[in-house]
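Look at the model first, then read on.

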Amino acid sequence: ITDSKGNEIAVIIPGDAITTLPQLAKDGFKADMVFLDIPYETAGQKGGKEGKDSFRRLADYNLISPKDFEIVVKAVEDIVRDDDTPVIYMYAKGKTSSKEMQEYTNILANSSFKVIAQGDYYKVNKDGEVLNLPMRTMESGEKMPPEGILVFSKSGEVQEKINDADLQFKLRRPTGYKTEKPAEMIAKMIEMTTEEGDIVLDPF
């Protein structure tokens, strides 16, 4: 993908991340930031009307098991440019997903990466109120839990412009497909973790 001046600004590689990422690592590809918003395989994604119907219809791709995620993390360990390269990881905090989700988080926590910052993404309505849980799962007035945000690096050294306060988001969830994230949030993440001209890898 090029901009109006013909400069290359993005490259899209079609394929399965489980095979593509190890190949990129083998080829010597390096990234200055990695964004991991994985299609995790949890009860919250597979169960109920939303899991069985909406999710699979709107997101036509395979879910990733913890074993698959180990392959992803191993490749990312080789892809990061240096020990200070940040890896941003988003994960579900819902009750139906928390136990299974911890398996994925533990894989990163037990790798060569260390947590350097954390935050939350709350989905809100047009009035700025946090969304309620779907009727089938909610208790009276229960609000939707945020998605968690963790930032890792191999060194564990916190960069000056990366901090917990700037990783707190309350934004409307865009429509279009199930896992779409607000452009404002992604822009903020890129700005706080990269310099102009850096390479961002978003494998999912």
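Q: Where is the place of Ile12?
A: This is a predicted model. In it, Ile12 sits in the segment before α1.

Q: Why does Ile12 count as exposed?
A: Its relative accessibility is 67%. Exposed means over 50%. So Ile12 counts as exposed.

Q: What makes Ile1, Ile9 and Ile12 a nonpolar patch?
A: Patch residues need over 30% relative accessible area, and nonpolar side chains are joined within 5 Å. Ile1, Ile9 and Ile12 form such a patch on the surface. Together they have about 350 Å² of accessible area.

Q: Which residues of helix α6 are buried?
A: Met185, Met189, Met192 and Thr193 are buried in α6, which spans residues 183-193.

Q: How do you know that the buried residues of α6 line one face?
A: Look down the axis of α6. The buried residues fall within an arc of 90°, so they line one face of the helix. On the other side of α6, Ala183, Glu184 and Glu191 are exposed.

Q: What covers the buried residues of α6?
A: The cover includes β1, β2, β3 (114-124), β4 and β5 (168-172).

Q: Which residues touch the most other members of the largest nonpolar core?
A: That core has 30 residues, and Leu21, Val34, Leu36, Phe69, Val87 and Tyr89 touch the most other members. Its largest share, six residues, comes from α4.

Q: What does Leu36 touch, beyond residues up to four places away in sequence?
A: Contact means heavy atoms within 4.5 Å. Leu36 touches Phe69, Val72, Val87, Ile88, Tyr89, Met90, Pro203 and Phe204.

Note on methods. Residues are numbered from 1 along each chain as its sequence is written. This is a predicted model: local features need pLDDT of at least 70, side-chain atom pairs count only at pLDDT 80 or more; totals for chains, interfaces and linings use all residues. Side-chain values use heavy atoms; hydrogens and water are left out. A nonpolar core is a set of buried Ala, Val, Leu, Ile, Met, Phe, Trp, Tyr and Cys residues joined through side-chain atoms within 4.5 Å. Buried means under 20% relative accessible area, exposed over 50%, partly exposed in between (1.4 Å probe, protein chains only). Helices (H or I, at least four residues) and strands (E, at least two) are DSSP runs, numbered from the N terminus. The arc is that of the directions from the helix axis to the C-beta atoms. Patches are made of residues with over 30% relative accessible area and no salt bridge: like charges are joined within 9 Å, nonpolar side chains (Val, Leu, Ile, Met, Phe, Trp, Tyr) within 5 Å. Accessible areas come from the Shrake-Rupley method with a 1.4 Å probe; for residues, only the protein chains shown count as cover. A salt bridge is a side-chain nitrogen of Lys or Arg within 4 Å of a carboxyl oxygen of Asp or Glu.
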